[in-house]
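Subject: Structure for you to look through

Dear colleague,

I am passing on the structure that we spoke about, and below it I have written out what was found in it. Please keep it open beside this message while you read.

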2 protein chains.
Amino acid sequence: MKWILWMVIPSKESISSNNPSLNNIKGCFMSNKRTEIQSLGEFGLINHLTKNNPTYNASTLKSIGDDAAVIDNQGFKTVISTDLLVEGIHFDLMYAPLKHVGYKAVTVNLSDIYAMNAIPKQITVSIAISNRFSVEALEELYAGIYAACRAYKVDLIGGDTTSSPKGLVISVTAIGQGEAKKLTYRNGAKKGDLICITGDLGAAYLGLQLLEREKQIYLQHPTLQPQLDNQSYLVGRQLKPEARRDIIEAFDKNGLIPTAMMDISDGLASELHHICRQSGVGAFIEESGVPIHPDAQMQAIQFKLDPITCALSGGEDYELLFTIDPKDIDRIKYLPDIYIAGEIVDAKDAIKLHTKGGNVHPIKAQGWQHF
Amino acid sequence: MKWILWMVIPSKESISSNNPSLNNIKGCFMSNKRTEIQSLGEFGLINHLTKNNPTYNASTLKSIGDDAAVIDNQGFKTVISTDLLVEGIHFDLMYAPLKHVGYKAVTVNLSDIYAMNAIPKQITVSIAISNRFSVEALEELYAGIYAACRAYKVDLIGGDTTSSPKGLVISVTAIGQGEAKKLTYRNGAKKGDLICITGDLGAAYLGLQLLEREKQIYLQHPTLQPQLDNQSYLVGRQLKPEARRDIIEAFDKNGLIPTAMMDISDGLASELHHICRQSGVGAFIEESGVPIHPDAQMQAIQFKLDPITCALSGGEDYELLFTIDPKDIDRIKYLPDIYIAGEIVDAKDAIKLHTKGGNVHPIKAQGWQHF
């Protein structure tokens, strides 16, 4: 593979900072050096990938290297989330650098812990790999995993490393701590609550469409280089999503406990249905209240898509959807990046969108279809 | 596939008790009914597979159905272990019934928690499945998972369900509780400690060889039926391993804390090397002290294998290897199923086997090679 990807992804902590070769990726094999995994063996590989594994949390009593890891919980509630990511389903190594795959595999799990109003502390990472992958390729993957650990101060405490007949499989389990009275579930939304969203929606989906378009062009014309110069925002939202730790910390500082919360991984529409079903309520969303980035607006129109449809059904933005009692509005008023998108209503009023044109439509749950 | 498997696997709690069709397996598709997974969708499938999910532990505060699960730890240490199982690498659905695959995926993880001298309380199970699998096939898999939860009183609290381009992938994370002063690591073995093994070794490996032999015969002669009538012990050890909860409970009752412990998943030789390296010691093993079941003895000889080699390098027996201070010998003397196999020695004396013939050989770590 010879596809040169020269995008620069903006972020608080650039995961490419230690690796200039990210600007010059040769498919998923970033370095010209190729060490066969067999030359290390399973335990050699684990040692190699984890020898510089730092510990950020005092609660991590025992990390990698025994039958299990040990966590000291000191009276907090333990919060657990897990995701399984499969090459060809969740990521395409044709355009997703392994470092980004590793980073994203961690952040999407941390996002689930934050969505409980809890703080992630530890992760386990298991991988299954075919013999297509070299030690250098796995170093890239783990560089992304460690970058996420560093950015979010979580400890990698264990995992499993095995072979696969085909492709890469990554399983991440995140373990967090929460205070019982602060934990926020999906089932607490009440009529009259305000529906809030952090950050903008639809960009990750449009970034994916851009990458898929460039992949198809490249497959047909291998001499052409991808046209992604001005698309770093959309591509970055797809390839390197962040979890909203800042929002959870701001809630804590301002004394806010949402009535319900979840992260937006499958799209706003799907997540609204989850919260409404579990809380026994309905929702009324104002189209003008759903935040969409100008780049996403423009790109949606170029793709002949309705921007609000991308925001409702696109998924993978990893923003937080939460509801608050209206009396708490002062606690979010001065927070950047929080948008009030609508209101919780009676279950009988269902889940509806009030469009900018003045019409009211039911919102269907059209999240990511795995099957 | 039309391979009729009529084995009966002995166990404390038969996982086939609710399913007479286990005696009449048609490949991995146990029922003639085939419901496509698409007809349920992702959330429909999750609901279908988890609608009768019981809770055994008061510490399970929030189970399936939110961004993350919540565990109340009440001052205990949290112990975490995870495994990733890949079709074609860890199991072969040609001869492993899905119910057994599900059961084993759980028990091998629980075994890691017990090996810390802790008690497993919760598990998460993630699966990736290709469209080859029907809803009925997944029901079989989950029947095995639930049977293991019931047998060991652990709660299934979460997971992820997604598609795979090919084959079945199962990721299990087990969460347990341990008391700080009782947790047993691999690094505590001291010179003079006795090396103990629970149950017999080598049988799971020989069961696998039998199943592989019958598979090859079947592939060449599809009208022949497998010859496994008298091999239920060996085949059962391979297809339905149990974790040694009974031993951990007996330790607790008798006030014994081993100096080091791990479970035997890769073979005694490999595990001895782990304990010796991490404890900075050597080991001297008596061949006559390594327990081998008569069926394993017989079958090894029929396969022209040395029984002690099967016990040392076979793996997958999921017995416990532990070391105790000699002053604690009275605490294990009357426990069934515990064998003293040797003694911890100085690191400079390495890891050696004293054979029945009177020779002394170094023991090499020849565990399962994933790569």
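Among the contacts in chain A between residues at least 6 apart in sequence, 86% join residues at least 24 apart, where two residues are in contact if their C-beta atoms, placed from the backbone, lie within 7 Å. Before going further, please note that this is a predicted model, in which local features need pLDDT of at least 70 and side-chain atom pairs count only at pLDDT 80 or more, while totals for chains, interfaces and linings use all residues. Residues are numbered from 1 along each chain as its sequence is written, and chains are lettered from A and ligands numbered from 1 in the order in which they are written.

Where the chains touch, 55 residues of chain A are in contact with 55 residues of chain B. Strand β3 (residues 77-86) of chain A gives the most to its side, with nine residues, and that side divides into 23 nonpolar, 20 polar and 12 charged residues. Here Ala, Val, Leu, Ile, Met, Phe, Trp, Tyr, Cys and Pro count as nonpolar, Asp, Glu, Lys and Arg as charged, and the others, Gly among them, as polar. Because 100% of the interface residues of chain A are also interface residues in chain B, the copies meet through the same surface.

Turning to the helices, α2(A) is mostly covered, since 17 of its 17 residues are buried. Helix α4 (residues 203-220) and helix α5 (residues 232-239) of chain A pack at an angle of about 100°, with their axes 7 Å apart; the axes are lines fitted to C-alpha atoms, for helices over the stretch in contact, and angles run from 0 to 180 degrees between N-to-C directions. That makes α4(A) roughly perpendicular to α5(A), a label for angles of 65 to 115 degrees, whereas those under 35 count as roughly parallel, those over 145 as roughly antiparallel and the rest as oblique. By class, their contact has nine nonpolar, two polar and one charged residues.

Finally, two single residues. A:I257 sits in the loop between α6 (245-254) and β9 (260-264) of chain A and is partly exposed, with 19 other C-beta atoms within 10 Å. A:M261, in strand β9 of chain A, counts as buried, with 29 C-beta neighbours inside 10 Å. Leaving aside neighbours within four places in sequence, A:I257 is in contact with A:N117, A:K182 and A:T184, and the contacts of A:M261 include A:N117 and A:T184.

With best wishes

Conventions: A residue is buried if 20 or more other C-beta atoms lie within 10 Å of its own, exposed if 12 or fewer, and partly exposed in between; C-beta atoms are placed from the backbone. Helices (H or I, at least four residues) and strands (E, at least two) are DSSP runs, numbered from the N terminus.
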